[in-house]
Structures are given as structure tokens and as C-alpha cells.
Amino acid sequence: YPVCVSSRCIQSVYPVGVSSRCIRRCIRSVYPVGKLSPTSAEGTSTFSPGTFRYTVDNSYLTPEQRQFYEENGFLHIKKLVSDGHLEIFREEFERICRKEVVVPGLTVMRDVGIAKTEYVPGQQAVSKIQDFQNNEILFGYCCLPEILQYVECFTGPDIMAMHTMLINKPPDSGMKTSRHPFHQDLHYFPFRPAEHIVCSWTAMERVHRDNGCLVVLPGTHVGSLRPHVYPDWPGGVNKMYHGIHGYDPSHSRLHLEMDKGDTVFFHPLLIHGSGSNVTSGFRKAISCHYASADCYYIDVKNTS
């Protein structure tokens, strides 16, 4: 369920409804590990003055970064989250997997390839956890000032955390079940407008093609929401891993290889997925979808 990050982390100090600018000043006292890191946009784009549809007018993003997002639907920021924070999140995830911590409302998912085998203990049995907003440590990711200062560029200052995930992509069993089909995140969300929604996705370790990095179809965010179905894959498909029905397979695609702490911000209509993890280790990432507090809910009756 949505959580207002304009008050959630500091509600004992600040009244409900304070802006994310206030959050950035105070969360450092709650999550002091590390400092803000230098950032950069991946790729280059020729800037031409004009009206921006997908970012708000503030002074944080450069004109080149805004234009890149306008044209491509994503922005890769280098080394945004510190190793110290990521280690805290990793340790808490492992505690959850060992059932040392109970999180109300948490959804725990297993890869279909693992689920069909014998019981596997601990984090090796868990491919993803969702809705961790009731865990103060993991929700700290959603409140990091270095994340929110970018989020505000897409949503404006009044921000809601709408959906949280920590992905633990397992080594593929050989059935290619660890891959995630191409999809649009807006398919899962009953709120609009899409232009005021953004995902923050942070690599918790080196992410590359072998362990199943994100793959994006640049520029597809300018299209509409497409129908989604379960793909007909021989090895099976993980629950809720819907795939887009009828996209152009000849569209150029980009494998987003990322270093630990790198973060990509992307639009909910951007078509993206991830490949199989053909390594022997697990590939971890943590993410949160944010929306403007001005977003509204829609009737999802008769939709996919």
C-alpha cells in the first residue's frame, strides 16, 4: 500500500505532509552511513530547448539528463547508494529469509524452478520479497535522501512510496525460469498519471548480462500501455511475471550493466525485462516505485 515518504521516516519529529526537501535534511541522522556520491547520466544526448513532459522544473537534473530521460525513458546514475547502506539491506534480507524477522504484509516469492525441487533453506529459497514498507530497515532505502532528490525530479516534492521489492535472482536451473519477460510496470498499478510515477532500481552488487541485468527498450515510454499475458515458456513462468503481448522484437534494446550502488530511474511505460542468471551466485537489487501524492486511482475493471 502507498506510504507517504514526506512523513513516514520522520513522523515523530515533523508533521504529516512535510516536503521531501525536509526529509533529506533529517534522514541523514537516521541513516548516516556513507555520503552522497558523485552522479552521472549514462549515455549522451544532444540537448534542444523545449518543454519537458517527463520531468519537473527544478535545478537538480542537468538539461542533458532531462533530455536523455525525455527521449529514452530511463536515467542511470552511477554509485548513488553507498556500500554501507547496501550491506545493511542485505543483512536484513538474510534475517527475513532465516525467519528471524516477521514483516507484516510482506510477500515472499520463490522461483518456479526452485519451487519444483527439494526444499532449499534460507535466502536460496527466496527469489523476491515485495511490500517491505513495514520493515523500518529495508524501508530506509525508500527514504534515502540521495534517492529522493532524484525522485522529486519526476514526481514533484509530495511523494508516495507505492511498491517495494528486493530481488534475489537465483542461478538458473537450466529451464530459464530466472528471466523476466518484457513488460511495463504500469500494468500492475491502478493509479495515474504515468508521467508522475517513477521506479528507483539499485544494484546491490555488480549486475551484468551473465547474472541477468535489466534490459530496456529505449524510447518505448512514449507509447501506451500494452496488453500483458503469461508467456508460453517451456520451463514455466514465475507468478505475476506477465509479459507484454505484441511488441516490436526488432526494436533496439540496451543491457543495463551496473556496478554496485548504481541506480536507474525509469518510467512505468518503459518496456523492460531481465535475462537468465547463468552464474552460480544470486543477483540482488532493491527497488521502490514512487508516485506524486497528486496521483489518482482508476477503475481496473475489464483491464488486463
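**Ground rules**

This is a predicted model, so I take local features at pLDDT of at least 70 and side-chain atom pairs at pLDDT 80 or more, while totals for chains, interfaces and linings use all residues. I number residues from 1 along each chain as its sequence is written, and side-chain values use heavy atoms, with hydrogens and water left out.

**Entry: salt bridges**

I count a salt bridge when a side-chain nitrogen of Lys or Arg is within 4 Å of a carboxyl oxygen of Asp or Glu. The whole structure gives me eight.

I went back to glutamate 92, which bridges to arginine 95 with the closest N and O atoms 2.9 Å apart. The two sit three residues apart in helix H3, so about one helical turn separates them. Helices here are DSSP runs of H or I with at least four residues, strands are runs of E with at least two, and both are numbered from the N terminus. Arginine 95 is partly exposed at 32% relative accessible area. Arginine 95 also meets glutamate 100 in a salt bridge, 3.9 Å from N to O, and glutamate 100 is partly exposed at 47%.

Next I checked aspartate 259, whose salt bridge to arginine 206 has its closest N and O atoms 3.1 Å apart. This pair links distant parts of the chain, 53 residues apart: aspartate 259 is in the loop between E12 (254-256) and E13, and arginine 206 in the loop between E8 and E9 (214-216). Aspartate 259 is partly exposed at 31%, and so is arginine 206 at 39%. I also noted that shared partners join Glu92, Arg95, Arg98 and Glu100 into one salt-bridge network.

**Entry: arginine 90**

I stayed in helix H3 (residues 83-97) and looked at arginine 90. Arginine 90 counts as buried, at 16% relative accessibility. I use contact for heavy atoms within 4.5 Å. Beyond neighbours within four places in sequence, arginine 90 is in contact with Met204, Glu205 and Lys284.

**Entry: strand E15**

What pairs with E15? I call two strands paired if DSSP finds at least two bridges between them. Strand E5 (residues 159-169) runs antiparallel to E15 and is joined to it by ten bridges; asparagine 168 has lysine 284 as its bridge partner. Strand E8 (residues 197-203) is antiparallel to E15 too, with seven bridges, and valine 198 stands opposite tyrosine 290.

**Entry: aromatic pairs**

I pair rings of Phe, Tyr and Trp (its six-membered ring) if their centres lie within 6.5 Å; planes under 30 degrees apart are stacked, over 60 edge-to-face, and the rest tilted. That rule gives eight aromatic pairs. Phenylalanine 89 and tyrosine 141 have ring centres 6.1 Å apart and planes at 90°, so I log them as edge-to-face. Phenylalanine 89 is in H3 and tyrosine 141 in H5 (residues 136-142), so the pair ties together parts 52 residues apart in sequence. Both are buried. I also found one aromatic cluster made of Tyr60, Tyr69, Tyr150, Phe154 and Phe265.

**Entry: nonpolar cores**

My core is a set of buried Ala, Val, Leu, Ile, Met, Phe, Trp, Tyr and Cys residues joined through side-chain atoms within 4.5 Å. The largest has 58 residues, and Ile129, Tyr141, Ile147, Trp201, Phe265 and Tyr290 touch the most other members. Helix H6 (residues 145-155) gives the most to this core, six residues. I then listed contacts of isoleucine 147 beyond four places in sequence, including Leu80, Tyr141, Phe265 and Tyr290. A second, separate core has ten residues, among them Phe189, Phe191, Ala194 and Leu269.

**Entry: helix H2**

Seven of the ten residues of H2 (residues 63-72) are buried, so the rest of the structure largely encloses this helix. Its buried residues pack against E2 (74-77), H6, E8 and E13 (263-266). Just after H2, glycine 73 takes a positive phi of about 85°.

Terms used:
Buried means under 20% relative accessible area, exposed over 50%, partly exposed in between (1.4 Å probe, protein chains only).
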